[in-house]
Each structure stands twice: as C-alpha cells, then as structure tokens.
Amino acid sequence: MVPNGVDLEAFNRAQIEKAIPPTDLNAIPEPRLVYAGLIGMRLDLTLLLAVARRHPDWSLVFIGQVDNRGCEDELVNLQALPNVHFLGMKPASVVPRYLLACQVCLLPYRRSEESRHIDPIKLYEGLASGKPIVSTPIPAVLPYSDLIWLASDDSEFETAVQEALTERDNGRVTRRQSIAAANTWEKRVEQISALIHSHLDNVE
C-alpha cells in the first residue's frame, strides 16, 4: 500500500502568509480547534457535541462539505452551539492557512470499519502545520502516538485538548514537520516509481 501524502510546498507558502489569517477564521475567538475534511457520519459527532458543550470558551471550526445522511440530528445540535462554526468548503490551496491559524488540529473519527482502514490526508496536513493534533485512536495515527494526543471518549478528548493547548515544545513541532517532509506527494511518486521498476525488473 502507498499511503496518502501532503503538499508541503503549500504549507511553506502559507508560513509566509500566516501573519494574516483568513478573514472568516480571524473573526472566530481563540483557541480554535479545527477539523478540515468531509463532515458527517465518519466523525464522532456525539463526542464533539459533548466537548463543545463543556467548553464554550473553545471554538470548534469545521471546514469542508457536510453530508448529513444518518446524522442529521447530531449535526443540527452541533450547529446550534454558538462556539461551533461551519465555514464550508475551501480550495485545498488555502487549507494550510486555516491550519496554521488554529491552536489544535482535530481528527475526531468515529471508530468504525471505515476508520480502521482510512489513511487521512488531514493527518499529514496536521503534521505539516506543526500544530498539536488530537485524534481518536484510529490505526492510521498510532505510528505517531508520541506526537499526537489520542483519546477514546469525550472525557479523554477534553483532557487531550487541554494538554495540547499548553504544549510549548518546539522540538515536537519540528518532529511533526520532519515527518510531513518524509511523506510528501513527491515522495509517494518516487515510491510508486520504485515499485513499478521493481516489478518490471522481476518480469524481465
């Protein structure tokens, strides 16, 4: 399997522009906890609802398409909270600016058959941002558990976010970005190319 990757150059460009956060995000109070991706059944919406209710001082920000199939009530309840913000879909090229202007990146997947097998692009994007990441313990994030906070329920998730918000270790930031640099789309092309050449050599 060749995993997903990250457009590291887009994050390098966003680093130059990070002094000016996107206008819609800049209007939202810090701390900002951001999830960027498809919003729907794949997320643990019950967990997110509990965390948002307990911490009205935290801003939960969702970027991406909403798919309310099978979770309409949960989404309605979440959207009704004043500290929850749905910003809609954004071009992939500007997502780095949103992540760099947040305090914590979220990977709040509901544990399911799907999440057992996904390899989220947003994992690599979160690492590229260098920001603290709080995730449910899906298999894809476990290799990076020393750099990511893992939480199985809403209570653990709340504690993990609190700890992530107090992180002041620049070494962890650098290590996350180093992992992202080893997982670029360019690296994936090299990996695929090597596999093809290896197969052709075996055929010959």
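**Surface, spaces and salt bridges**

Author: V2, I192, L195, I196 and L200 make a nonpolar surface patch of about 410 Å². A patch is built from residues with over 30% relative accessible area and no salt bridge; like charges are joined within 9 Å, and nonpolar side chains (Val, Leu, Ile, Met, Phe, Trp, Tyr) within 5 Å. Accessible areas come from the Shrake-Rupley method with a 1.4 Å probe, and for residues only the protein chains shown count as cover.

The model is predicted: local features need pLDDT of at least 70, side-chain atom pairs count only at pLDDT 80 or more, and totals for chains, interfaces and linings use all residues. Residues are numbered from 1 along each chain as its sequence is written, and side-chain values use heavy atoms, with hydrogens and water left out.

I192 sits in helix 10 (residues 185-203). Helices (H or I, at least four residues) and strands (E, at least two) are DSSP runs, numbered from the N terminus. I192 has a relative accessible area of 40%, so it is partly exposed. On this scale, buried means under 20% relative accessible area, exposed means over 50%, and partly exposed lies in between (1.4 Å probe, protein chains only).

Now the empty spaces. Rolling a probe the size of a water molecule over the atoms shows where empty space is left. The search uses a 1 Å grid over the protein atoms alone. A cavity is a set of points where a 1.4 Å probe fits but cannot get out. A pocket is an open set with protein on both sides within 12 Å along at least five of seven lines. Lining residues have an atom within 4 Å of a point. Grid points are joined across faces, edges and corners, and a volume is the space filled by probe spheres set on the points.

Across the whole structure, the search finds one cavity of 30 Å³ or more. The largest cavity holds about 80 Å³ of space. Its lining includes V34, Y35, A36, C105, L106 and L107. At least two lining residues each come from strand 1 (32-36), strand 4 (104-107) and helix 7 (121-129). Helix 7 gives the largest share, four residues. By class, the lining of this cavity has nine nonpolar residues, one polar and two charged. Here Ala, Val, Leu, Ile, Met, Phe, Trp, Tyr, Cys and Pro count as nonpolar, Asp, Glu, Lys and Arg as charged, and the others, Gly among them, as polar.

The largest pocket has a volume of about 450 Å³. It is lined by 26 residues, and A36, A92, V95, I121 and E125 are the closest to its centre. Helix 1 (8-17), helix 5 (95-100) and helix 7 each supply at least two residues of this lining. The classes here are 15 nonpolar, five polar and six charged.

The second largest pocket contains about 180 Å³ of space. Among its lining residues are Q103, G130, K131, P132 and R168. Helix 8 (154-165) and helix 9 (170-181) each give at least two residues to the lining. Four of the lining residues are nonpolar, three polar and four charged.

Last, the charged contacts. A salt bridge is a side-chain nitrogen of Lys or Arg within 4 Å of a carboxyl oxygen of Asp or Glu. By this rule there are ten salt bridges.

Take R54 and D154. They form a salt bridge, with the closest N and O atoms 3.1 Å apart. This pair links distant parts of the chain: R54 is in helix 3 (residues 45-54), D154 is in helix 8, and they are 100 residues apart. R54 is partly exposed because its relative accessible area is 41%. D154 has 23%, so D154 is partly exposed as well.

R69 pairs with D67, and their closest N and O atoms are 2.6 Å apart. R69 has a relative accessible area of 63%, so R69 is exposed. D67 counts as buried because its relative accessibility is 18%.

R175 and D146 form another salt bridge, at 2.5 Å between the closest N and O atoms. This pair also links distant parts of the chain: R175 lies in helix 9, and D146 in the loop between strand 5 (133-135) and strand 6 (149-150), 29 residues apart. R175, at 40% relative accessible area, is partly exposed. D146 counts as partly exposed at 41%. Finally, salt bridges that share partners join R54, D154 and E158 into one network.
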